[in-house]
Amino acid sequence: MTLLHLAILVISLAGFAALALATERHAEHLLGRLPAPQWRLLARVAGWLLLAVSLALGIAYLGSGVGITLWLGWLTIAALALVFAFPKWPLRPVDHARPARPAKAAKPGAAAEMPVAPRRTARRWLAAALLAAVPLVYLLALQATPIAPLLRADAFAGQVGPWSFRLADRDHDVPKLVAMDIPMKSYQVRFCEDCDAQIRAAYLKVNKPRSLRAAGIVLQGTRWDRNVDIQLPANTTAGSSLWLTVVGKDGEMHQAQVRLADVSPATVAWFQQREAKPEAGPAAPQGAIERPSQ
Amino acid sequence: MFSSLRQCTSWLHTWTGLIVGWVLFFVFVTGTPGYFQIEITRWMQPELPMVQARALENRAASFELALDRLQKVAPGAAAWRINLPHESLQSRTWQEFGIGWDEMPPDGHDRGPSGSEKLDPATGQVLPSGIEPRATAGGRTLYQMHYLLHYMDFDWGIRIVGVCTMLMLMAIVTGVITHKKIFKDFFTFRPGKGQRSWLDAHNAVSVMALPFFLMITYSGLVFFLFTYMPAGINAIYGSDQQSRKPYFAEIFPEFNRKPVAISRPGTPLLPLVAQAEAVWGPGQVRTIGVMHNQGAGEVQAVTLTRVNGSALDFQRPQTLRFDARSGAPLAPEPKTGGAARTTQTVMLNLHEGLFVGAWGRWVYFFAGLLGCAMIGTGMVLWTVKRRRHHLGSGLEATEQFGVRLVETLNVATIAGLPMAVAAYFLANRLLPLDITDRPAWEVHTLFAVWLGALFYALARPLHRAWIELFRAGCAAYALVPVINALTTDKHLLNTLRAGDWVLAGFDLTMWGMAALLALMAVKVKRRLDPSRAARKAAGAAAARPVTEGSVA
């Protein structure tokens with residue numbers, strides 16, 4: 001494969017070089033003298049032939065689609081290599097045809113005519129202050145970032161059937177309200193390394209599930225980062241619990257209960273506060289009822 | 001307003017290019033590494049072991065063990081899969097022996113849950129799901145930024161990028177008309193002549209890579225075709241999700257199959273695999289699938305899928321089907337979706353370039369860099385044409401506000417953004433491992449450094465900002481393999497010794513980028529250094545009397 005790609009590149013390089021020799025300007029540049037017209041015609045024909053050969057190589061070995069695609073890619077590289085190499089060509093005729101651009105700065109007395117650069121010191125200082133603020137804010141914010149949920153001291157460690165697990169609120173914030181003011185919370189769960197291979201699926205919901213069909217939302221993600229977004233019912237209270245339902249690959253079902261107050265104190269407080277303010281209350285239950293009809 | 005078409009296109013080219021140039025530069029800088037996103041992600045997860053490719057020793061026995069396990073863990077499922085060890089162009093890393101299944105959907109659902117396991121091919125034991133790597137945004141997030149941007153909704157991201165892409169397509173087409181001598185001046189590059197050199201470089205890069213630019217812009221628009229132009233679908237199928245179901249059913253009939261429970265195939269699998277390998281070559285079977293066959297008689301079929309190979313219709317690899325009871329070959333699966341879907345897939349595949357091997361990926365990567373170069377030179381050209389003073393004269397503050405603004409944004413983006421990408425990689429190695437949202441912090445680092453570059457460009461004289469930011473970018477890239485060596489055991493000494501060219505290649509590419517930025521710093525310094533410019537001007541005036549009029 002490597003040889004094939006190299007061949008396509010080298011042949012198209014040769015092809016483009018021949019095409020360059022076929023033009024007056026570049027032939028003179030490259031050879032130091034202008035070749036006769038028939039030689040230039042020959043170079044033109046040879047150039048196009050070489051490009052065709054490299055295309056044929058590509059199509060023959062890579063198939064028409066991939067062959068043409070990659071051939072175009074190598075053509076680009078070959079042509080650009082020549083473009084940027086030509087000015088360095090040693091045979092280049094001595095080029096004294098510099099433009100008559102009078103060197104303004106070199107004129108005697110020119111310095112005096114030049115306008116004096118205004119000092120934009122205010123702008124400079126403001127920008128410098130902002131520049132200094134960037135790493136400062138970055139570091140302060142980084143400092144304030146808590147450690148990962150499952151590594152926190154308040155992550156709940158428990159046992160569901162034969163398997164040990166850790167469960168944590170993703171953040172310690174109040175629930176996020178999505179469409180129709182439904183409060184949502186994200187949780188992360190991690191089972192022990194050996195346990196995980198024995199688990200078929202795990203579900204999470206608030207309040208005890210009536211059956212496996214209503215076990216809640218299934219946990220997604222890799223072994224070390226199983227996560228789930230669940231909806232919190234409007235009747236959530238300080239006494240509510242999260243129910244983790246786990247089905248093993250052997251078909252056995254196990255359940256564990258985690259008090260919501262233990263993992264999401266801010267959420268419990270938010271519900272209590274909402275209870276106290278009845279006018280804010282009805283929004284969520286109504287939304288929850290309307291949702292299925294959507 | 002304009003007396004000729006060319007004047008009109010020239011105006012259009014200049015201004016469409018300018019207003020979207022920075023976004024497009026961002027799109028190209030983040031999209032180009034996307035061609036190596038899998039490799040970048042691997043580098044960003046140094047905890048994972050270096051890969052060892054191991055083929056199956058006793059295939060017949062391993063297949064039986066896999067079927068035993070499937071029968072135990074997923075009896076009566078809708079589909080079973082046995083994944084053979086392979087390396088395809090799609091995954092680009094060695095895939096281990098394993099199984100997967102789709103369970104029958106519970107009542108009221110279209111689709112049941114899926115599962116997968118890695119198996120020990122000799123014993124059939126379930127292997128642990130692997131070492132936990134550090135949390136990282138990986139190559140994928142960097143790549144996604146090129147069409148979603150960041151810190152905004154999906155909808156807004158693709159809209160903004162869509163508008164910019166459309167304008168880029170316009171800038172490309174008008175550019176071809178504007179620079180009408182592009183084919184006559186095909187090989188022309190005249191270095192060291194200021195504006196003329198910028199124009200030559202801009203033209204050369206744009207013309208040589210024109211096929212790539214046209215393809216990448218146009219196919220980029222095809223990705224979100226129906227988001228940008230929903231009228232056609234809405235008129236025929238309606239605009240809400242429910243009424244669009246028939247549309248998806250027509251385009252993707254294979255996703256609409258009604259699952260049927262399967263049982264263990266009666267035919268031995270090894271002869272089927274041998275038959276497929278006789279056609280495709282050894283090691284070319286990726287998956288053995290067992291599911292109910294629809295189309296050619298309602299029988300349970302064993303489907304062998306080929307490794308995703310080098311073809312433009314890359315996402316749908318070749319398959320062979322056999323009757324699961326007798327092992328008799330079945331008619332091939334009919335291609336669904338018709339010519340329109342094939343055209344779209346080919347467009348998207350051309351854009352993603354997944355179908356090419358390692359060499360082709362480098363060609364794509366290089367073409368992406370040329371895209372950055374085209375946009376960068378174009379943006380610089382705009383300011384070079386309009387400013388009255390040489391940057392090195394220190395008089396940039398007397399320029400018009402607009403010119404200075406563009407110039408500042410140019411420095412911050414063209415010199416600052418590559419540095420910010422290097423900072424993204426450095427953040428992967430230096431951020432604490434146990435913080436919440438570590439992936440998000442890697443991205444924050446990128447944007448913080450970019451913002452810093454903008455303030456830096458405002459705080460320094462422009463010519464100094466150009467040189468210094470290029471140097472800083474060079475240092476940042478040069479540091480990546482060094483920091484990698486100090487913080488992990490996947491450093492160049494180890495990766496080169498193990499012959500792991502993905503990890504070693506990443507580190508070496510970082511040094512390549514450092515070299516590129518160093519070259520830019522040298523070039524820019526040569527152009528913008530005031531003392532040098534003055535000396536050169538004085539020298540030229542003294543040595544050569546003016547001889548000729550013009551070279552233009």
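Which residues is Phe212(B) in contact with, leaving aside its neighbours within four places in sequence? They are Phe28(B), Tyr35(B), Tyr364(B), Ala367(B) and Gly368(B). This is a predicted model.

**Nonpolar cores**
- The largest nonpolar core has 117 residues.
- Phe212(B) is among the residues with the most contacts inside this core, along with Phe16(A), Phe425(B) and Trp466(B).
- Another core, of 28 residues, lies apart from the largest one.
- Its residues include Leu56(B), Phe97(B), Leu272(B) and Val302(B).

**Transmembrane annotation in chain B**
- An unreviewed UniProt entry places the feature "transmembrane region" at residues 12-36, 156-177, 198-226, 362-384, 405-427, 439-459, 466-486 and 501-522 of chain B.
- Residues 198-226 of chain B are 93% helix and 0% strand. The end C-alpha atoms of this span are 39 Å apart.
- Residues 362-384 of chain B are 100% helix and 0% strand. Here the end C-alpha atoms lie 32 Å apart.

**Sheet in chain A**
- Four strands of chain A form an open sheet in the order S6-S5-S8-S9. Their pairing is antiparallel.
- Strand S6 (217-218) and strand S9 (253-259) of chain A are the edge strands, and each pairs on one side only.
- Strand S5 (residues 199-206) and strand S8 (residues 241-248) of chain A run antiparallel and are joined by seven bridges.
- Ala201(A) has Val247(A) as its bridge partner in S8(A).

Key: Residues are numbered from 1 along each chain as its sequence is written. Chains are lettered from A and ligands numbered from 1 in the order in which they are written. This is a predicted model: local features need pLDDT of at least 70, side-chain atom pairs count only at pLDDT 80 or more; totals for chains, interfaces and linings use all residues. Side-chain values use heavy atoms; hydrogens and water are left out. Two strands pair if DSSP finds at least two bridges between them. Helices (H or I, at least four residues) and strands (E, at least two) are DSSP runs, numbered from the N terminus. UniProt positions are given in the numbering used here, feature names are shortened, and annotations may be inferred rather than shown by experiment. A nonpolar core is a set of buried Ala, Val, Leu, Ile, Met, Phe, Trp, Tyr and Cys residues joined through side-chain atoms within 4.5 Å. Buried means under 20% relative accessible area, exposed over 50%, partly exposed in between (1.4 Å probe, protein chains only). Contact means heavy atoms within 4.5 Å.
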